[in-house]
Amino acid sequence: MSMTSMVVLGLSIATVLLLLGAFLTTLRQDRKGRTSAPPAEVAPIESPMPAPVSAPGHAGTDYTDPRTIRVGDRIEVHGSPARVLGAMYISWQGQQWTEYLLRDVSRRFQWLSVEVRAGDPPHLEVQLWTEVPTQGMVPAKSMLIMEGVEFFPIERGTAAFRSEGDTGNPDRGLLDFADYRASDGRLLSFERIQGSAWTASYAQPLPPGSISIVRRAS
């Protein structure tokens, strides 16, 4: 083979290699463009909406004022009907509160206490009391254990009372009481009327609006 032929052959091979390289480069770029996902659009971060703020209600306008309950009324407590059989109006060291005896549709008896507590401003405290067996227990002046829960004394004394309706108690007299609170906020109260046996009850605080008067006593 002559020198000229060899030069021509070499140039031809070089040209083919250049063309092949250009083709492969174009093919790789095209494949990369098809498989790569387009950049995702990031939505702007929105600030959370503020939680709704409920203004404190007012007894007698926004919900039933439990201080207006009367003996003989038919009421609802958390939607459960009950009848007010009687009331005890209690006073102790300048404090006054009312305890209403309720009977629900299952003929279960419970006491509903209503009291205005001192504070700034004063607040209405409403609690539903459910009796628990004392098994002969008496209120200690220190910590006591009821059903495995430790309760600590907060108040005790002797109060004067006046009864109305059917309470099972005298029209007037004296009432001994001893109140306790557990570390989780649960309340326990012992009471006895004029030296009778002690009874004990747990308290369930009721929020505003949980009591409604269905029918007034005639």
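Glutamine 194 is partly exposed, with a relative accessible area of 49%; on this scale, buried means under 20%, exposed over 50%, and partly exposed in between (1.4 Å probe, protein chains only). The model is a predicted one, in which local features need pLDDT of at least 70 and side-chain atom pairs count only at pLDDT 80 or more, while totals for chains, interfaces and linings use all residues. Residues are numbered from 1 along each chain as its sequence is written, and side-chain values use heavy atoms, with hydrogens and water left out.

Glutamine 194 is located in the loop between β9 (187–193) and β10 (199–205); strands are DSSP runs (E, at least two residues) numbered from the N terminus. Although glutamine 194 is not a glycine, its phi is positive, about 50°. Most residues other than glycine have a negative phi. The hairpin of β9 and β10, to which glutamine 194 belongs, has five residues between the strands. A second case is glutamine 93, whose phi is also positive, near 50°. Glutamine 93 lies in the loop between β2 and β3 (95–104) and is exposed, with a relative accessible area of 68%.

β9 and β10 pair in the antiparallel sense over five bridges, where pairing requires that DSSP finds at least two bridges between the strands. Within this pairing, phenylalanine 190 stands opposite alanine 200 in β10. β10 also pairs with β5, in the antiparallel sense and over six bridges. Here tyrosine 202 in β10 is the bridge partner of threonine 130.

Aromatic pairs were counted for rings of Phe, Tyr and Trp (its six-membered ring) with centres within 6.5 Å; planes under 30 degrees apart count as stacked, over 60 as edge-to-face and the rest as tilted. By this rule there are five aromatic pairs. Tryptophan 92 and phenylalanine 177 form an edge-to-face pair, at 5.0 Å centre to centre and with 90° between the planes. Because tryptophan 92 lies in strand β2 (residues 80–92) and phenylalanine 177 in strand β8 (residues 172–182), the pair ties together parts that are 85 residues apart in sequence. Tryptophan 92 and phenylalanine 177 are both buried. Phenylalanine 190 and tryptophan 198 form another edge-to-face pair, at 6.4 Å centre to centre and 80° between the planes; these two residues are buried as well. Ring pairs also link Trp92, Trp97 and Phe177 into a cluster.

A pocket is defined on a 1 Å grid over the protein atoms alone, as an open set of points where a 1.4 Å probe fits, with protein on both sides within 12 Å along at least five of seven lines; lining residues have an atom within 4 Å of a point. The largest pocket holds about 780 Å³ of space, a volume being the space filled by probe spheres set on the points, which are joined across faces, edges and corners. It is lined by 37 residues, and Glu99, Trp129, Ser189, Glu191 and Ser201 are the closest to its centre. β9 gives the most to this lining, with seven residues.

Technical notes. Helices (H or I, at least four residues) and strands (E, at least two) are DSSP runs, numbered from the N terminus.
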